[in-house]
Amino acid sequence: MAMADRGGASSAPLQGGRWRCRRWVMAWSRYQLGLAALMLITGSINTLAAKWADNFSAAGCGGTEEHSFQHPFLQAVGMFLGEFSCLAVFYLLLWRDRRRPEPSMAPSQPFSPLLFLPPALCDMTGTSIMYVALNMTSASSFQMLRGSVIIFTGLLSVAFLGRKLELSQWLGILVTIVGLVVVGLADLHSSHDQKHKLSEVITGDLLIIMAQVIVAIQMVLEEKFVYKHDVHPLRAVGTEGFFGFIILALLLIPMYYIPAGSFSGNPRQVLEDALDAFCQIGRQPLIALALLGNISSIAFFNFAGISVTKEISATTRMVLDSLRTVVIWAVSLALGWELFHGLQILGFAILLLGAALYNGLHRPVLTRLTRRGADGSEAEREGLLHAENAAINSER
């Protein structure tokens, strides 16, 4: 009542805005809200758990000195195990659906599972590079720089899929490039305050961006060869996870003997020392908890993301994916993993704007503004007509 008394003319639109907000929230069922929360939480845990594991130190095999847990390829194997578990979820959902009187899951067209091998190889390479980079930079910068995938996906879709990008999408790509430069500058300024050297931070950031090129190739391959078979998303993720898990797990054997010098973080200075990793896990059980969080979160994140796209919209999924960057950044600050830098906020805001432009999120806003402008013009015309009629009547 006090606001109504105080607000007069402005209280009506304020109350209308509140009503629209309540109506929008109520439009989401509890199940949809749960899916959105699950996607946001598990997506954040996925990166935070991997970084948490990297921050641990423990003694390795054979009485070696305590050293940091730097085993990116083993972590990538765990991530593919999480993706592989999506296949079990798919068959569970399929089994439940087949027991219904009217099944809702449409059968997919016949396809060869080997179709998923090329995308799986891209996923395996890109993920491994990103886990290597995560050892060199902060979790928030890692998540922000992954937004560069927009640039390469757009360019590759034009080159190989014959797609024509709209002006807003080209603008989104340009804005994203500016955002990446700002985030990179923030990393250069913050490198003096963190445990990582400046050269490590630069290398890590470049590796993340390079990995996005491979991820973009993966997306183009999936769209060109896989999606036309109408494969269920959980089945697609699970099949790629199967190939990635088997191939990378086998590659751990030669990696145990390939020298990597100072690039490696293990005492033997080889590309990957899985035995050293298991010895460290045995001496520091919390590393196992972090790895388990990473494996389980990727499975739930894929399920929740696919369900959000189906139950709500792809736009909502993109917004939630952007919000998890905020969660990762906030948690990293709270845990003291990194220090606050204003440039990161600016960089994230610019990246968010670029993603919004590329994905067409500006269109509903422009449509609403156009409608308001049209309504205002109509009201203005009616006002002028009313004034003219009043003037004519007064002259009479």
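A residue counts as buried when its relative accessible area is under 20%, as exposed when that area is over 50%, and as partly exposed in between. With this in hand, we can walk through the structure above, which is a predicted model. Leu-234 has a relative accessibility of 2%, and because this is under the 20% cut-off, the residue counts as buried. Leu-234 has its place in helix α10, and its C-alpha atom is 9.9 Å from that of Leu-93, although 141 residues separate Leu-234 and Leu-93 in sequence.

A pair of aromatic rings is described by two quantities, the distance of the centres and the angle of the planes. The structure holds 7 aromatic pairs, and one of them joins Phe-84 to Phe-245, whose ring centres are 6.4 Å apart and whose planes make an angle of 25 degrees, an arrangement described as stacked. Phe-84 belongs to helix α4 (residues 72-98), while Phe-245 belongs to helix α10 (residues 233-255), so this pair ties together parts of the chain that are 161 residues apart in sequence. Both partners are partly exposed, for Phe-84 has a relative accessible area of 28% and Phe-245 has one of 22%. A further pair, formed by Phe-90 and Tyr-91, is edge-to-face, with 5.0 Å from centre to centre and 65 degrees between the planes. In this pair Phe-90 is buried, at 5% relative accessibility, whereas Tyr-91 is partly exposed, at 42%.

We turn next to the cysteines. The structure holds 1 disulfide, which is formed by Cys-61 and Cys-279, with their sulfur atoms 1.8 Å apart. The torsion about the S-S bond of Cys-61 and Cys-279 is about 95 degrees, and the disulfide is therefore right-handed. This pair links distant parts of the chain, since Cys-61 lies in the loop between β1 (57-59) and β2 (66-68) and Cys-279 lies in helix α11 (residues 274-283), 218 residues apart. Cys-61 is partly exposed, at 27% relative accessibility, and Cys-279 is partly exposed too, with a relative accessible area of 22%. Cys-86, by contrast, is buried, with a relative accessible area of 1%, and Cys-122 also counts as buried, at 14% relative accessibility.

Finally, we come to the surface. A nonpolar patch is found there, with about 900 Å² of accessible area together, and its residues include Leu-171, Ile-177, Val-181, Leu-198 and Leu-343. The elements that give two or more residues to this patch are α8 (167-190), α9 (198-226) and α14 (342-358), and among the contributors α8 gives the most, with 6 residues. Leu-188, which is one of the residues of the patch, is found in helix α8 and counts as partly exposed, at 35% relative accessibility.

Key
Residues numbered from 1 in each chain as written. Predicted model: local features only at pLDDT ≥ 70, side-chain atom pairs only at ≥ 80, totals over all residues. Heavy atoms only, no water. Phe/Tyr/Trp six-rings, centres within 6.5 Å; stacked < 30°, edge-to-face > 60°. Helix = DSSP H or I, 4+ residues; strand = E, 2+ residues; numbered from the N terminus. Buried < 20%, exposed > 50% of the residue type's maximum accessible area, 1.4 Å probe, protein only. Disulfide = S-S within 2.5 Å. Patch = residues over 30% accessible without salt bridge, like charges linked within 9 Å, V, L, I, M, F, W, Y side chains within 5 Å. Areas by Shrake-Rupley, 256 points an atom, 1.4 Å probe, with all protein chains shown as cover. Salt bridge = Lys/Arg side-chain N within 4 Å of Asp/Glu carboxyl O.
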